[in-house]
Amino acid sequence: MTKTVLVVEDHPANLRLMREILETRDYRIVTAENGLEVIDIARAQRPDLILLDLQLPGESGLDVATRMRSDDELKAIPIVATTAFFTPTIEDDIRDSGCVAYLPKPFSIDVLLRTVDSILG
C-alpha cells in the first residue's frame, strides 16, 4: 500500500526537490505552502507522515504541530520538523510541539529518505 507524505514547504525549489526525492520511494506526495492550509489538507488527505517546515507564512510550523497534537482526528499523524533556523532551544521547542523528529536544513537525500523510511516502515 502506498504511503502518503504531506510536504509543507514555502520555497518552491525545496518543495520540488523533496517531492522528487520522496517519489523515488513511491510515496504519494501532497503539498502545502503555508501554515494556514496544513490542517485542512491533513483532514482531507489523511497523510501517513507530515514533513513540516517551521518557518511558514500564515502560521508557524510549531503552532501547526501544536494544534495538530490537540486535535483528536490528527494527533496520531507523525510530524517531522524541518528548518534552517537554529536557536539554542529549537530542539526542545520541536519536541514540545509534538514532532517525532527534526531535520535541520540543509539535509542530505540519504538522511531524508532514512528518516521517512524509518517512520513509515
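The model is predicted. Helix α5 comprises residues 109-120 and has a buried side and an exposed face turned away from that side.

**Helix α5**

- The 12 residues of α5 should span 16 Å at 1.5 Å a residue, and the end C-alpha atoms of the helix are 16 Å apart, which agrees.
- The buried residues of α5 are Leu112, Leu113, Thr115, Val116 and Leu120. They cover an arc of only 165° around the axis, which places them on the same side of α5.
- An α-helix has 3.6 residues a turn, so residues three or four places apart point the same way.
- Asp110, Arg114 and Ser118 are exposed, and they lie on the face of α5 turned away from its buried side.
- The elements covering the buried residues of α5 include the strands β1 (4-8), β3 (49-53), β4 (79-83) and β5 (101-104), together with helix α1 (12-23).

**Backbone around α5**

- In the loop between β5 and α5 lies Pro106. The peptide bond that joins Lys105 to Pro106 is cis, with omega near -5°.
- Just after α5, Gly121 adopts a positive phi of about 75°.

**Positive phi in residues other than glycine**

- Most residues other than glycine have a negative phi, and most peptide bonds are trans.
- Asp26, in the loop between α1 and β2 (28-32), has a positive phi near 65°. Its relative accessibility is 60%, so Asp26 counts as exposed.
- Arg46, in the loop between α2 (38-45) and β3, has a positive phi of about 50°. With a relative accessible area of 40%, Arg46 is partly exposed.

Key. Residues are numbered from 1 along each chain as its sequence is written. This is a predicted model: local features need pLDDT of at least 70, side-chain atom pairs count only at pLDDT 80 or more; totals for chains, interfaces and linings use all residues. Side-chain values use heavy atoms; hydrogens and water are left out. Helices (H or I, at least four residues) and strands (E, at least two) are DSSP runs, numbered from the N terminus. The expected span of a helix is 1.5 Å times one less than its number of residues. Buried means under 20% relative accessible area, exposed over 50%, partly exposed in between (1.4 Å probe, protein chains only). The arc is that of the directions from the helix axis to the C-beta atoms. Contact means heavy atoms within 4.5 Å.
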